[in-house]
Amino acid sequence: MHTKTLGLLAGLTLLSGSAVATPQIGYTSQSTRTQIAFNLYSTQWGSSPLFNFVLQTSPGAWGYDLIHATNTFAPASADGTPSQSGWHSHPVPIGLVQIIQGGLWMQEEPNLGCLTYYPTGSMFIESAGHAHNVFNFDKKTPAVTTATWFLERYLPSTRSDQPDQVTGDPNVASAPPTALCMGSPVPPAATP
């Protein structure tokens, strides 16, 4: 009975997620999922660097899985239309994303009127409920990221599609802003 209920809820989540999806354009993702079967604990109490990590999990029905993904953003089209992830958030406690090729621009809450640029080699951290849309404006180079997420085992996906955060439209993403957010690295001159 419990397994059937979880399956039904997972199916409804997948269906409801696609009903509010802004479009993905030129974006693909390939991932693997591995069960974390035992608790993880690491700590260093010294002053440099201070580090603590605790993850409680199990080999059973509850616990966490490790998701590793490679995401590719095609080059922008000849008319300048960028590839984009579509508005989404992640139902994960933490996700680590590194740009391994090209550069990406992110529009995110609460600063919807600007973009943050992430060049090759940079990294950002994602957490639960943080809505964002990611773009590649480069007309020549695909942008590629690797991402690692800890995901609760009962959840079917690391992604929760969202309506456009500017207009509220669930089917059409608004045009990306042209301003850079304060503190953003400056992108190469050939891009916005």
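Residues are numbered from 1 along each chain as its sequence is written. Local features in this predicted model need pLDDT of at least 70 and side-chain atom pairs count only at pLDDT 80 or more, while totals for chains, interfaces and linings use all residues; side-chain values use heavy atoms, with hydrogens and water left out.

The order of elements from the N terminus is α-β-β-β-β-β-β-β-β-β-β-β-β-β. Of the 192 residues in the protein, 38% are buried; buried means under 20% relative accessible area, exposed over 50%, and partly exposed in between, with a 1.4 Å probe and protein chains only. The protein exposes about 10,600 Å², of which carbon and sulfur atoms supply 62%; accessible areas come from the Shrake-Rupley method with a 1.4 Å probe, and for residues only the protein chains shown count as cover. Among contacts (heavy atoms within 4.5 Å) between residues at least 6 apart in sequence, 78% join residues at least 24 apart.

Strand 2 (residues 40-44) and strand 3 (residues 51-55) pair in the antiparallel sense over five bridges. Two strands are taken to pair if DSSP finds at least two bridges between them. These two strands form a hairpin with six residues between them, and T43 has N52 in strand 3 as its bridge partner.

E126 belongs to strand 10 (residues 123-126). The residue is buried yet has no salt bridge, and R159, the nearest side chain of opposite charge, is 8.7 Å away. A salt bridge is a side-chain nitrogen of Lys or Arg within 4 Å of a carboxyl oxygen of Asp or Glu; for charge, Lys and Arg count as positive and Asp and Glu as negative, and His and the chain ends are not counted. The side chain of E126 makes a polar contact of 3.2 Å with that of H90 and one of 2.8 Å with that of H132. A polar contact is a pair of N or O atoms within 3.5 Å; within protein, one must be able to donate a hydrogen and the other to accept it, and residues adjacent in sequence count only if both atoms are side-chain atoms. Beyond its neighbours within four places in sequence, E126 is in contact with residues including P93, I94 and W149.

P188 is located in the segment after strand 13 (160-161). P188 is partly exposed, because its relative accessible area is 46%. P188 and P119 are 69 residues apart in sequence, with a C-alpha to C-alpha distance of 9.2 Å.

Notes: Helices (H or I, at least four residues) and strands (E, at least two) are DSSP runs, numbered from the N terminus.
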